[in-house]
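This report goes through one protein model by topic.

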Amino acid sequence: MKIKKFKTIYFIYNADGGLLNEIKYWIGKNLLKKQTSCELCDISHGRIFVKSQWSQLIKELKKDYRVEVLHRNEIPKGILEKNYGFPCVIGETENDLTEIINSTSFSGLRKTEGVKELREKLSEKAI
């Protein structure tokens, strides 16, 4: 899968990173059943561990791109200034940022087929 024009692909979670934040998110979602949810988290992680299909997708993409998987509180200023909704996938070219998959598209992905569907959406954007 080659998205030729991009040098970097950013996968951005709709959650904050850091051990404490990740524990709070997990407790809120899994124990307290709060509605705070991140569709990218659902795609990339099972109840506890990272899904092997997700790791494989990132490994494949890293053959052709620099890949960054980030949380809301880890976003570079240039991306933050664009006010994208999260979760999202952003592609960076030599001179610009492009939203490859927006937050609305993520809400339509199914948990069980998420990595497969995400791969298909990325392939659709291939040039």
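## Cysteines and basis of the model

A search of the whole structure finds zero disulfides, a disulfide being a pair of cysteine sulfur atoms within 2.5 Å. C41 counts as buried because its relative accessibility is 12%, and C88 counts as buried at 0%. Buried means under 20% relative accessible area, exposed over 50%, and partly exposed in between (1.4 Å probe, protein chains only).

The model is predicted: local features need pLDDT of at least 70 and side-chain atom pairs count only at pLDDT 80 or more, while totals for chains, interfaces and linings use all residues. Residues are numbered from 1 along each chain as its sequence is written, and side-chain values use heavy atoms, with hydrogens and water left out.

## Sheet

Four strands form an open sheet with mixed pairing, in the order 2-1-3-4. Strands (E, at least two residues) and helices (H or I, at least four) are DSSP runs numbered from the N terminus; two strands pair if DSSP finds at least two bridges between them. Strand 2 (66–70) and strand 4 are the edge strands, each pairing on one side only. Neighbouring strands are turned by 25° against each other on average, direction ignored.

Strand 1 pairs with strand 3 (residues 88–92) in the antiparallel sense over five bridges. I9 has G91 in strand 3 as its bridge partner. Helix 6 lies across strand 1, strand 3 and strand 4, at about 135° to strand 4. Axes are lines fitted to C-alpha atoms, for helices over the stretch in contact, and angles run from 0 to 180 degrees between N-to-C directions.

## Nonpolar cores

The largest nonpolar core has 24 residues, of which F11, W54, V89, L118 and L122 touch the most other members. Such a core is a set of buried Ala, Val, Leu, Ile, Met, Phe, Trp, Tyr and Cys residues joined through side-chain atoms within 4.5 Å. Elements that each supply at least two residues include strand 1 (8–12), helix 3 (52–61) and helix 6 (114–124). Helix 3 gives the most, with four residues.

Beyond its neighbours within four places in sequence, F11 is in contact (heavy atoms within 4.5 Å) with residues including W54, C88, V89, L118 and L122. A second, separate core of ten residues includes Y10, I12, L70 and Y84.

## Salt bridges

The structure holds four salt bridges, each a side-chain nitrogen of Lys or Arg within 4 Å of a carboxyl oxygen of Asp or Glu. One of them joins R119 and E60 (2.5 Å, N to O), linking helix 6 to helix 3 across 59 residues.

R66 and E68 form another (2.9 Å, N to O). E81 and K77 also meet in a salt bridge (3.8 Å, N to O), and both are exposed.
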